[in-house]
Amino acid sequence: MDQQMREKIEKIILDRKRAHKFYSEKSEVYNAFIKMENLTFIEGKLEKKNKELIAFGISIYRNCESCMEWHMKQALDSGATSEQVLEAVNVAVEMGGGVATVAARFAMHVLEYYTESHA
C-alpha cells in the first residue's frame, strides 16, 4: 500500500474520532444514534461479526469510505477473517454492479491497512 492511501485511511480514522468526541459532547441526536448503533451490533441471533460484515457490504454498496473502514475494523475485531471480508465484498459487488467495484477498491486498501498493521 502506498503512503498516500495509508494517510487517507488514517485521516478517516482521526476525523471519525474527532467528530465522535465533538458530537457526543454536543448532540443528543448523535448520542441517540450511537445508542441505536450499539444495540444493533450486540450479539443476538446473528453474531456481531456477521452484522458487521453486512454493514460493511452495505458500505461498499453506498460507497461510504468511512463506513467501510469502521465496519471492516469492527468485523475483523469480532473475528472475521480476510476471506470472509472478501466474500462480503463479492456480495456487495454483485448487488451494486460496476459502481460497487469502484468502492471495493477502497475496501481492498482498508483490508491491506489492517492486515499489514496487525502482521
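## Ground rules

Because the model is predicted, local features need pLDDT of at least 70 and side-chain atom pairs count only at pLDDT 80 or more, while totals for chains, interfaces and linings use all residues. Residues are numbered from 1 along each chain as its sequence is written, and side-chain values use heavy atoms, with hydrogens and water left out.

Helix names below follow DSSP runs (H or I, at least four residues, with strands being E, at least two), numbered from the N terminus.

## Salt bridges

The structure has seven salt bridges, each being a side-chain nitrogen of Lys or Arg within 4 Å of a carboxyl oxygen of Asp or Glu. One of them pairs E116 with R6, with 3.0 Å between the closest N and O atoms. That pair ties together distant parts of the chain: E116 is in helix α5 (residues 82–117) and R6 in helix α1, 110 residues apart. E116 is partly exposed, at 38% relative accessible area; on this scale buried means under 20%, exposed over 50%, and partly exposed in between (1.4 Å probe, protein chains only).

Another bridge joins R16 and E69, at 2.2 Å from N to O. Here too the link spans distant parts of the chain, from R16 in helix α1 to E69 in helix α4, 53 residues apart. R16 counts as partly exposed at 22% relative accessibility, whereas E69 is buried at 0%. A local example is D15 with K11, at 2.6 Å from N to O: both sit in helix α1, four residues apart, or about one turn of the helix. D15 is partly exposed at 35%, and so is K11 at 49%.

## The largest pocket

The largest pocket holds about 520 Å³ of space. It comes from a 1 Å grid over the protein atoms alone: a pocket is an open set of points with protein on both sides within 12 Å along at least five of seven lines, a cavity is a set where a 1.4 Å probe fits but cannot get out, and lining residues have an atom within 4 Å of a point. Points are joined across faces, edges and corners, and the volume is the space filled by probe spheres set on them.

The lining has 19 residues, with R16, F33, I34, E37 and W70 nearest the centre. Two or more lining residues come from each of α1 (3–26), α2, α3 and α4 (65–77), and α2 gives the largest share, seven residues.

## L46 and its patch

L46, I54 and I58 make a nonpolar surface patch of about 270 Å². Patch members have over 30% relative accessible area and no salt bridge, with like charges joined within 9 Å and nonpolar side chains (Val, Leu, Ile, Met, Phe, Trp, Tyr) within 5 Å; areas come from the Shrake-Rupley method with a 1.4 Å probe, and for residues only the protein chains shown count as cover.

L46 lies in the loop between α2 (28–40) and α3 (48–62), and is partly exposed at 41%. Its C-alpha is 12 Å from that of S78, 32 residues away in sequence.

## Around the end of α3

S59 is in helix α3 and buried, at 4% relative accessibility. Leaving aside residues up to four places away in sequence, S59 touches C64, C67, M68 and H71, where contact means heavy atoms within 4.5 Å.

N63 is in the loop between α3 and α4, partly exposed at 42%. Its phi is near 55°, a positive value in a residue other than glycine. Most residues other than glycine have a negative phi.
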